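Please have the sequence and the 3D view open while reading.

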Amino acid sequence: MRKIRIFDVDKEDSEKEKEFWEKGEEQNGYRKNGTSEKIIHKSTNGKIRGITIIAEVNDETHDKLTELGKVKIGWKICKVQEYIGILRCYKCCGYYHFAKDCTKGEMCGNCAGQHATKECRSQEKKCANCEDKIKNFKIKNLKSNHSAYDSSCPCYKREIEKQKNRIQGS
């Protein structure tokens, strides 16, 4: 089973999971071949009116939906992409551990200061992870003028690639 993220789904279309998958099959012309897909998380974002769904699907459905890039669900056309989850610490902004298990000091995800992200008052963006790589590995051409939670962060992208390689290797 692999994971996908489906953006901007109408709330009504996601309420009954069985009907959600049946509607997806019918409207987009793919078949599940008797395997079970499963919605594992739903979230809303203030910027978009719909719901974002993270689901586990079989390899065939994953490949079909990510190849399409968009699917019809109800009255909407929803963007689909592969989902690769990376555990993040909201205390130090690092990866692969929870804040409750963190042994490092507090680090702001917005400005890389030594305070909680929710207490940040800085207008300047600085990535704690990129700053760490610049300092400890002497990487001169690495840009750190973004938050640690920016999806275009080079450190985050590298972790995504490492996770993809782990998934494909298993």
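This is a predicted model: local features need pLDDT of at least 70, side-chain atom pairs count only at pLDDT 80 or more; totals for chains, interfaces and linings use all residues.

## The largest nonpolar core

The largest nonpolar core contains 16 residues, and I6, F20 and I53 have the most contacts inside it. The greatest contribution comes from β3, with four residues. In soluble globular proteins, nonpolar side chains tend to be buried together.

I6 shows how these parts meet. Leaving aside residues up to four places away in sequence, I6 touches F20, then I51, T52 and I53, then V71 and I73, and finally C78, K79 and V80.

## Rings and a charge

Three aromatic pairs are found in a search of the whole structure. One of them joins F20 and W21, whose ring centres are 5.0 Å apart; the planes meet at 80°, so this pair is edge-to-face.

Both partners are buried. F20 has a relative accessibility of 2%, which is why F20 counts as buried. W21 counts as buried because its relative accessibility is 3%; the cut-off for buried is under 20%.

Another ring, that of F7, has K79 over its face, at 5.5 Å from the ring centre. K79 is also among the residues that I6 touches.

A128 is one of the buried residues of α4, along with N129 and C130. The buried residues of α4 pack against α5 (154-169). After α4 comes K138, which has a positive phi, near 55°.

C130 belongs to helix α4, which spans residues 128-137. The relative accessibility of C130 is 0%, so C130 counts as buried.

Which residues does C130 touch, not counting those up to four places away in sequence? They are L142, K143, S144, H146, C153, P154 and C155. As for A112, it is 18 residues from C130 along the chain, and the C-alpha atoms of the two are separated by 9.5 Å.

Methods:
Residues are numbered from 1 along each chain as its sequence is written. Side-chain values use heavy atoms; hydrogens and water are left out. Helices (H or I, at least four residues) and strands (E, at least two) are DSSP runs, numbered from the N terminus. Buried means under 20% relative accessible area, exposed over 50%, partly exposed in between (1.4 Å probe, protein chains only). Contact means heavy atoms within 4.5 Å. Rings of Phe, Tyr and Trp (its six-membered ring) pair if their centres lie within 6.5 Å; planes under 30 degrees apart count as stacked, over 60 as edge-to-face and the rest as tilted. A charge sits over a ring if NZ of Lys or CZ of Arg is within 6 Å of the ring centre and within 35 degrees of the ring normal. A nonpolar core is a set of buried Ala, Val, Leu, Ile, Met, Phe, Trp, Tyr and Cys residues joined through side-chain atoms within 4.5 Å.
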